Structure formats: C-alpha cells, structure tokens
Amino acid sequence: MPASPSTPSPKSRKKSRTPLVYGAGVVVAAALLGYVSYRATAPEPPRSGSSAVADVTADPQDGVYPELAKLARRDTGDKLALGRADAPVVLIEYADFKCGYCAKFARDTEPVLVEKYVDRGVLRIEWRNFPIFGAESEAAARASWAAGRQGRFWEFHRAAYAEGAKEKGFGEDRLKELARQAGVNDLDRFARDADGQAATAAVRKDQEQGYGIGATSTPSFLINGRPIAGAQSTGTFIRAIDRAAEEAEAAAGAKGSAK
C-alpha cells in the first residue's frame with residue numbers, strides 16, 4: 001500500500017524514534033494515533049463524521065490521556081501560540097509546512113476555530129514544528145521559528161500555507177520572500193536566526209515530542225490530551241473542543257466545591 005500524501009516514506013523517516021515514557025495508557029494512545037495517522041490523513045471526514053480518536057463515548061474521559069494533556073506549555077512568551085495561556089482548552093498541532101493536509105486545516109478549519117473559540121478565550125492553539133518531509137521541511141520549520149522571534153510566526157504560517165505556496169518550494173530565497181510577506185522587519189536577523197543553533201534545537205524538541213506521542217504523519221493534534229489524527233472535518237474539531245471545554249468546566253466546578 002503506498003504511503004499517504006501526508007506520511008513520509010520509510011526511507012525518509014529517522015531510524016531511531018523511541019516513544020516518550022508517559023505511562024502505560026499513553027502507549028495505547030500512541031499506538032492508536034500512529035495507526036489513525038496512517039489511514040486518516042485525507043481531509044474528507046469518515047462516514048461517521050468524525051475521526052475514531054475524536055469520538056466521545058458515554059464516558060467523557062474515554063480517549064483522553066492526562067499525561068498527554070500535560071504537554072501543553074501554556075507559556076505566555078510562546079511566539080508559536082495563539083490564545084490565552086489559561087484557556088480551558090489547548091489544541092496542540094504537530095505539522096509540516098510541506099504538508100498539503102496541514103495547509104487545508106490552516107486555510108479551512110483553523111480560522112473558524114480562532115473566531116469561535118480563541119477570540120472568546122476558550123481555546124489556545126500551540127504549534128509544534130514536526131518536519132517529516134526532508135531538508136526543505138526542516139528549513140521551513142526553522143524559518144517559521146525565526147519569524148516568531150520577531151513576532152511574525154502566524155503571519156509566516158499564513159503565507160506559507162496560502163494556496164499554491166507549497167508548490168513554490170521552501171528554498172532559501174523563497175523563505176526570505178515568505179518572511180517579507182509576513183512583515184518580518186529585520187530580514188538579516190531572520191536569516192541568522194533561521195540558520196542558528198537555537199532554531200535547530202527548538203525544532204528538534206518539537207519533532208522529538210511528536211515522534212514520542214506516536215505521530216507518524218501530519219497533521220496530528222492533541223486537544224486537552226485527546227489525540228486526533230489528520231485534517232478531519234471542522235465539525236470533528238468543534239465537537240472535540242466543546243467536549244473538552246465541558247470537561248474543563250466540570251473539573252473546575254468540582255475543584256471549587258471541594259474547597
């Protein structure tokens with residue numbers, strides 16, 4: 001069976017990827033996310049209307065892994081995040097700028113989630129660079145981080161995921177052009193930052209985290225510890241975020257009544 005368009009070929013994958021140790025339950029989550037990543041990257045929703053890893057059963061906590069929820073950084077200084085650091089729901093996205101399905105999510109679904117949830121303080125989106133398609137993917141990831149150093153990550157993100165942008169590639173000159181489109185003021189600093197050790201380390205940290213939770217393709221997501229694989233329908237994300245918000249509200253209420 002050929003690899004999915006958003007799944008790297010076996011030859012392009014790193015040979016040694018050891019899952020992070022979060023507990024026995026997360027081993028199951030990692031295996032499930034890896035399996036669904038392989039089969040659920042297509043943007044069209046399954047017949048049931050949602051991803052297997054996003055379904056909510058009678059038990060609202062089914063499919064939620066507290067260890068994975070702890071991966072949310074909630075750092076007020078995070079340039080690669082949108083929304084309040086104390087938002088009740090955090091969506092972590094592991095993505096690659098060369099991934100067409102990531103671009104579809106960025107163009108079709110993310111703006112809806114920003115307007116519906118981020119702007120209201122319900123949701124925080126935290127980006128993780130997860131380059132899996134080779135040198136250009138890694139260069140684009142470092143460039144996005146460098147744009148973030150000047151407060152223009154999300155503008156760079158929008159330019160890199162614009163219709164037809166991926167087809168132009170992510171060579172050095174192209175990345176500078178994207179930075180220019182994103183409104184990065186100091187392009188010389190941008191180039192230095194993108195080629196620096198700090199950018200390499202930041203991207204590697206995100207990448208290792210993605211491999212550690214069992215992600216094998218892009219995009220992959222965590223919503224308060226619930227894995228979702230692939231560019232699922234907007235409705236899938238809305239249902240998962242609504243459920244996570246309800247769970248967070250209930251947990252806060254229980255904590256308050258216990259005082």
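Trainee: In what sense do β2 and β4 pair?
Mentor: β2 and β4 (residues 220–223) pair in the antiparallel sense, over four bridges. Strands are DSSP E runs of at least two residues, and helices are H or I runs of at least four, numbered from the N terminus. Two strands pair if DSSP finds at least two bridges between them.

Trainee: Which residue of β4 is the bridge partner of Leu-91?
Mentor: Ile-223 is the one in β4 that partners Leu-91.

Trainee: Where do these numbers come from?
Mentor: The model is predicted: local features need pLDDT of at least 70, side-chain atom pairs count only at pLDDT 80 or more, and totals for chains, interfaces and linings use all residues. Residues are numbered from 1 along each chain as its sequence is written, and side-chain values use heavy atoms, leaving out hydrogens and water.

Trainee: Back to the sheet. In what order do the strands come?
Mentor: The order is β1-β3-β2-β4-β5, which makes an open sheet of five strands with mixed pairing. At the edges stand β1 (81–82) and β5 (226–229), each with a single partner strand, so one side of each has no neighbour in the sheet.

Trainee: What joins β2 to β3?
Mentor: Seven bridges, and the two strands run parallel. Opposite Glu-93 stands Trp-127 in β3.

Trainee: And how do β1 and β3 pair?
Mentor: They pair in the antiparallel sense over two bridges. Leu-82 has Ile-125 in β3 as its bridge partner.

Trainee: What lies across β1 and β3?
Mentor: Helix α5 (residues 153–160) does.

Trainee: New topic: the nonpolar core. Which members of the largest one touch the most others?
Mentor: Phe-97, Leu-123, Phe-156 and Ile-223, out of 46 residues. Helix α3 (residues 100–118) gives the most to this core, with nine residues. Apart from it lies another core of 13 residues, among them Tyr-65, Ile-92, Ile-132 and Ile-213. Such a core is a set of buried Ala, Val, Leu, Ile, Met, Phe, Trp, Tyr and Cys joined through side-chain atoms within 4.5 Å.

Trainee: What is Phe-156 in contact with?
Mentor: Beyond its neighbours within four places in sequence, the contacts (heavy atoms within 4.5 Å) of Phe-156 include Phe-97, Ala-140, Leu-175, Leu-178 and Phe-190.

Trainee: What about α8: how many residues are in it?
Mentor: Helix α8 (residues 197–212) has 16 residues and reaches 22 Å from its first C-alpha to its last. Its buried residues include Ala-199, Val-203, Asp-206 and Tyr-211. Among the elements covering them are β2 (89–95), β3 (123–129), α4 (135–149) and α7 (187–194).

Trainee: Which residue with a positive phi follows α8?
Mentor: Gly-214, with phi near 95°.

Trainee: Now the whole chain. How many helices and strands?
Mentor: Nine helices and five strands. Along the sequence they follow the pattern α-α-β-β-α-β-α-α-α-α-α-β-β-α.

Trainee: What share of the chain is made up of buried residues?
Mentor: They make up 48% of its 259 residues. Among contacts with a separation of 6 or more, 81% are between residues 24 or more positions apart.

How values were computed:
Buried < 20%, exposed > 50% of the residue type's maximum accessible area, 1.4 Å probe, protein only. Expected span 1.5 Å × (residues − 1). Axes fitted to C-alpha atoms, helices over the stretch in contact; angles between N-to-C directions.
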